[in-house]
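Dear colleague,

Please find below the structure that I am handing over to you, together with its sequence.

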Amino acid sequence: MNGLSFSELCCLFCCPPCPGRIASKLAFLPPEASYDLKPEADNTNSKFTLTLHDKADWQYTDREKECFEVFYARSARGNRIACLFVKCSANARFTLLFSHGNAVDLGQMTTFFIGLGQRINCNIFSYDYSGYGQSSGKPTEKNLYADIDAAWHALRTRYGISPENIILYGQSIGTVPTVDLASRYEVGAVILHSPLMSGMRVAFPATKRTWFFDAFPSIDKVPKVTSPVLVIHGTEDEVIDFSHGMTIYEKCPRAVEPLWVEGAGHNDVEMYSQYLERLKQFVSVELVN
């Protein structure tokens, strides 16, 4: 999340009905694209090849790239959304619909996806927000919701995966579209990694209510989530305070035992051993039983 200038603070309070510029300033930091999607020679079925740039920092061999399938979906707002399916396991019951953080794109997430999927025995489906990677358009709150809808429908129709076998996983800003979708559809489970209550509550921690001009009001949508929810948060998160994770957890009707990672910040939760341990327990034991 970025800080706000004095003029932007004035805009926030003097022109509250138009928070879009403030929301974008706070939440979206699209990096230079770390990949390309190149049409295959016989592109009759809209097939593409994923080409990773050096900045993607790919850590595996070309053999693992055979696990990738990439294509474009079209959002209801007219943007072309880059989608990635990672087949990590031949016998995976669950597929994660993964909404990533604000300063990465699909290419930069590929190594992480392979490692995560193999370790917790899940396939992974992800997408880039409008204005990220090879997705068209600009990153806005409305586009964020339309983007995950496009990804959801692509996952359901292209791969025929039932909602009960889909786990929605959101990280940081990715928890915003994840909560929105989960409030409208029942799925196998939901994982909220470093979630935020709302944009105003991040920028101004003393905020106690959701103002009509607030952006990303996940705190008001979480009570409508009917699926099991695992909340993960670092206790020393310097971007989205730990209190956000605790409050989101308290508001979830079907929250399971959360993972509070002692000493972890905003970008290093995955480096702690209990991260994978808790995910394995949740996916392989709690959801199965």
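The notes below begin with the chain as a whole and then turn to particular strands, rings and residues.

This is a predicted model, in which local features need pLDDT of at least 70 and side-chain atom pairs count only at pLDDT 80 or more, whereas totals for chains, interfaces and linings use all residues. Residues are numbered from 1 along each chain as its sequence is written, and side-chain values use heavy atoms, with hydrogens and water left out.

The chain as a whole

The protein chain has 9 helices and 10 strands (DSSP runs numbered from the N terminus, helices being H or I with at least four residues and strands E with at least two). Of its 289 residues, 53% are buried, where buried means under 20% relative accessible area, exposed means over 50% and partly exposed lies in between, with a 1.4 Å probe and protein chains only. The accessible surface of the protein chain is about 12700 Å², and carbon and sulfur atoms account for 50% of it (areas come from the Shrake-Rupley method with a 1.4 Å probe, and for residues only the protein chains shown count as cover). Among the contacts in the chain with a separation of 6 or more, 66% are between residues 24 or more positions apart, a contact being heavy atoms within 4.5 Å.

Strand S9 and its neighbours

Strand S9 (residues 229-234) is largely enclosed by the rest of the structure, because 6 of its 6 residues are buried. Val229, Val231 and His233 point one way from S9, while Leu230, Ile232 and Gly234 point the other way. Strand S8 (residues 189-193) pairs with S9 in the parallel sense over 4 bridges, two strands being paired if DSSP finds at least two bridges between them, and leucine 192 stands opposite valine 231 in S9. S9 also pairs in the parallel sense with strand S10 (residues 259-261), over 3 bridges, and there glycine 234 has valine 261 in S10 as its bridge partner. Together, S9, helix H8 (residues 242-251) and S10 make a right-handed β-α-β unit, right-handed meaning that, with the strands pointing away from the viewer, the path from the first strand over the helix to the second runs clockwise.

Histidine 193, which is found in strand S8, counts as buried at 0% relative accessibility. Leaving aside neighbours within four places in sequence, histidine 193 is in contact with Tyr169, Gly170, Gln171, Ser172, Thr175, Ile232, Val269, Glu270 and Tyr275. Histidine 193 and leucine 259 are 66 residues apart in sequence, and their C-alpha atoms are 9.4 Å apart in space.

Strand S4 (residues 80-86) is mostly covered, with 6 of its 7 residues buried. S3 and S4 run antiparallel and are joined by 7 bridges, and in this pairing the bridge partner of glutamate 69 is phenylalanine 85 in S4. The hairpin of S3 and S4 has 5 residues between the strands, and glycine 78 takes a positive phi near 90 degrees in it. S4 is also joined to strand S6 (residues 123-127) by 4 bridges, again antiparallel, with tyrosine 127 in S6 as the bridge partner of cysteine 83.

Aromatic rings

A search of the whole structure finds 19 aromatic pairs (rings of Phe, Tyr and Trp, the last by its six-membered ring, pair if their centres lie within 6.5 Å; planes under 30 degrees apart count as stacked, over 60 as edge-to-face and the rest as tilted). One of them is the edge-to-face pair of phenylalanine 48 and tyrosine 72, at 5.1 Å centre to centre and 90 degrees between the planes. Phenylalanine 48 lies in strand S2 (residues 48-52) and tyrosine 72 in strand S3 (residues 68-74), so the pair ties together parts that are 24 residues apart in sequence. Phenylalanine 48 is buried at a relative accessible area of 16%, and tyrosine 72 counts as buried at 18%. Ring pairs also link Phe71, Phe85, Phe125 and Tyr159 into a cluster.

Arginine 80 lies over the face of tyrosine 72, at 3.8 Å from the ring centre, a charge being over a ring if NZ of Lys or CZ of Arg is within 6 Å of the ring centre and within 35 degrees of the ring normal. The charged end of arginine 209 likewise sits over the ring of tryptophan 211, 4.1 Å from its centre.

With best wishes
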